[in-house]
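Open the model in your viewer and keep the selection panel at hand. The tour moves from one selection to the next and says what to look for at each stop.

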Amino acid sequence: MAEASRTLPFSYGTLKQGHQNHFLMQDLIRKKDANFLGPYVTHQSHPLVIGPHGIPYVINLPGCGHRVKGELSSVSAQGLVQVDELEGTSIGHYERLPIQVCEEGKDSVLVAAQGYFAHRSFGEKLWERKGKVGLAEFWDKEGKEYVRKKDRAPGSGSILHHIASSITSDD
């Protein structure tokens, strides 16, 4: 597949190596629909918070939060469809937007990538709900809080319902 038809998604959460959804990236690599490029960090700071079910979200508020550490891959168009599906871009969970990243330790070389940001309908509210305190990296500790979709209580509502509830609750 031609390199021009590939996208560079920046993974900062459950798609990273060692985390619960990395199986998708492994499968794409096995099928030659992805290549791992290495550890990268956002050029600008962004808020990274943990929402309901331990799901990590980068908020599209450049200049707030921290430079976020993650991983960069090169993914085919076919592979990108699968990543978008996992991230719920069609239902308004995440939105894939341009983001500049650089290889860790090489801040002078910027790479145009795609990041999965909390959807604009709730991202900033979630940041405010978290007291405008965020993380620089999704680590093992936060990863243990993540609950896969298949393991969530049946009939408990959609993730968007849980997000809406978490940003409007009084606790």
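Select residues 10-120. Helices (H or I, at least four residues) and strands (E, at least two) are DSSP runs, numbered from the N terminus. UniProt, in an unreviewed entry, gives residues 10-120 the feature "domain: Gamma-glutamylcyclotransferase AIG2-like". UniProt positions follow the numbering used here, feature names are shortened, and annotations may be inferred rather than shown by experiment.

Before going on, note that this is a predicted model: local features need pLDDT of at least 70, side-chain atom pairs count only at pLDDT 80 or more, and totals for chains, interfaces and linings use all residues. Residues are numbered from 1 along each chain as its sequence is written, and side-chain values use heavy atoms, with hydrogens and water left out.

**Stop 1: strand β7**

Select residues 110-118. Seven of the nine residues of β7 are buried, so the strand is largely enclosed by the rest of the structure. Buried means under 20% relative accessible area, exposed over 50%, and partly exposed in between (1.4 Å probe, protein chains only).

Two bridges join β1 to β7, and the strands run parallel. Two strands pair if DSSP finds at least two bridges between them. Click F10: its bridge partner in β7 is G115.

L97 has G115 as its bridge partner in β7. The two strands form a hairpin with six residues between them. In the turn, G105 has a positive phi of about 85 degrees.

**Stop 2: the nonpolar core**

Which residues touch the most other members of the largest nonpolar core? Select Y57 and V101: of the 36 residues in this core, these two do. The largest share of the core, five residues, comes from β7. A nonpolar core is a set of buried Ala, Val, Leu, Ile, Met, Phe, Trp, Tyr and Cys residues joined through side-chain atoms within 4.5 Å.

Stay on V101. Not counting residues up to four places away in sequence, its contacts include F10, Y40, L72 and L110. Contact means heavy atoms within 4.5 Å.

**Stop 3: helix α1**

Select residues 22-30. The buried residues of α1 are H22, L24, M25 and L28. Seen down the axis of α1, they fall within an arc of 150 degrees, so they line one face of the helix. The arc is that of the directions from the helix axis to the C-beta atoms. β2 (34-46), β5 (66-75) and α2 (77-87) are among what covers these residues. After α1 comes K32, with a positive phi near 65 degrees.

**Stop 4**

Select E87. The unreviewed UniProt entry annotates E87 as "active site". E87 is found in α2. Is E87 buried or exposed? It is buried, with a relative accessible area of 11%. Leaving aside neighbours within four places in sequence, E87 is in contact with L15, H93, Y94 and Y116.

Move to T14, in the loop between β1 and α1. T14 is buried, at 9% relative accessible area. Beyond four places in sequence, its contacts include P56, F138 and Y146.

**Stop 5**

Select G54, in the loop between β3 (48-50) and β4. G54 is buried, with a relative accessible area of 5%.

Then select residues 159-168, helix α5. I159, H162, I163 and I167 are buried. Seen down the axis of α5, its buried residues fall within an arc of 125 degrees, so they line one face of the helix. β4 (56-58) and α3 (123-129) are among what covers them.

**Last stop: the cysteines**

Select C64 and C102. The structure holds zero disulfides; a disulfide is a pair of cysteine sulfur atoms within 2.5 Å. The sulfur of C64 is 18 Å from the closest cysteine sulfur, in C102, too far for a bond. C64 is partly exposed, with a relative accessible area of 30%. C102 is buried, at 0% relative accessibility.
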